[in-house]
Amino acid sequence: MKRILIIVIILCSLGVGIANISGQPSKSDFMKSELNKIEQYLIHRDSLDKEVSKVAVAWHLDHSLKVINAIYDSLQHSDPSAYKKSFNMARTLSFTFGYIPRGRAQSPKSVLPPDTIKTDDIVSQLAIARNKLLEWIT
């Protein structure tokens with residue numbers, strides 16, 4: 001009975017993972033869409049909902065763009081041949097179920113927004129992210 005239950009759980013997990021992968025757009029289309037969403041949220045830059053976050057929307061936009069640009073830089077300088085595969089249960093579960101627990105880690109200082117966030121800075125980071133995306137796909 002336990003074996004059947006374990007087999008059913010494994011098959012369901014695989015089914016969810018395959019369904020998630022097969023229904024997704026290309027990575028470049030996905031990133032273009034996400035960058036467009038960030039641009040659309042600029043009009044709400046000063047909005048703040050204390051039940052959702054302690055900081056305004058502009059903080060999140062700036063932080064997201066700093067992270068995106070830092071990831072592109074890391075990818076550009078990475079060496080795939082130096083990669084060593086290792087098993088990580090938390091990563092496997094996060095990727096399988098598409099859920100990342102919140103509030104467990106702290107951001108590096110390099111991706112934290114400044115105290116005063118200017119709209120022009122967000123717009124310029126957005127342009128940089130779009131350029132890096134174009135470089136990445138070509």
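User: In this predicted model, is the crossing of α2 and α3 left-handed or right-handed?

Analyst: A crossing is left-handed if the near helix is turned anticlockwise from the far one by less than a right angle, and right-handed if clockwise. The crossing of α2 and α3 is left-handed. Residues are numbered from 1 along each chain as its sequence is written. The model is predicted, so local features need pLDDT of at least 70 and side-chain atom pairs pLDDT 80 or more, while totals for chains, interfaces and linings use all residues; side-chain values use heavy atoms, without hydrogens and water.

User: At what angle do α2 and α3 pack?

Analyst: Angles run from 0 to 180 degrees between N-to-C directions, with axes fitted to C-alpha atoms over the stretch in contact. Helix α2 (residues 27-40) and helix α3 (residues 57-77) pack at about 150 degrees, and their axes are 11 Å apart. That makes α2 roughly antiparallel to α3 (over 145 degrees).

User: Which residues make the contact between them?

Analyst: Contact means heavy atoms within 4.5 Å. From α2 come M31, L35 and I38, and from α3 come L61, S64, L65, I68 and Y72. By class, this contact of α2 with α3 has seven nonpolar, one polar and no charged residues.

User: How do α3 and α5 pack?

Analyst: Helix α5 (residues 119-137) packs with α3 at about 30 degrees, the axes being 10 Å apart. The two are therefore roughly parallel to each other (under 35 degrees). The crossing of α3 and α5 is also left-handed. Among the residues that meet are L61, L65, I68, N69 and Y72 in α3, and I122, Q125, A129 and W136 in α5. By class, the contact of α3 with α5 has twelve nonpolar, two polar and four charged residues.

User: Is N69 buried or exposed?

Analyst: N69, which lies in helix α3, has 8% relative accessibility and so counts as buried (under 20%). Of the 138 residues of the chain, 19% count as buried.

User: What does N69 reach with its side chain?

Analyst: A polar contact is a pair of N or O atoms within 3.5 Å. The side chain of N69 reaches the backbone nitrogen of A129 at 3.3 Å. Leaving aside residues up to four places away in sequence, N69 touches Q125, I128, A129 and K132.

User: Which residue caps the N-terminal end of α4, and what comes just after this helix?

Analyst: N88 caps helix α4 (residues 89-97), with a side-chain oxygen 3.0 Å from the backbone nitrogen of A90. Just after α4, G98 takes a positive phi of about 65 degrees.

Notes:
A polar contact is a pair of N or O atoms within 3.5 Å; within protein, one must be able to donate a hydrogen and the other to accept it, and residues adjacent in sequence count only if both atoms are side-chain atoms. Helices (H or I, at least four residues) and strands (E, at least two) are DSSP runs, numbered from the N terminus. Angles under 35 degrees count as roughly parallel, over 145 as roughly antiparallel, 65 to 115 as roughly perpendicular and the rest as oblique. Ala, Val, Leu, Ile, Met, Phe, Trp, Tyr, Cys and Pro count as nonpolar, Asp, Glu, Lys and Arg as charged, and the others, Gly among them, as polar. Buried means under 20% relative accessible area, exposed over 50%, partly exposed in between (1.4 Å probe, protein chains only).
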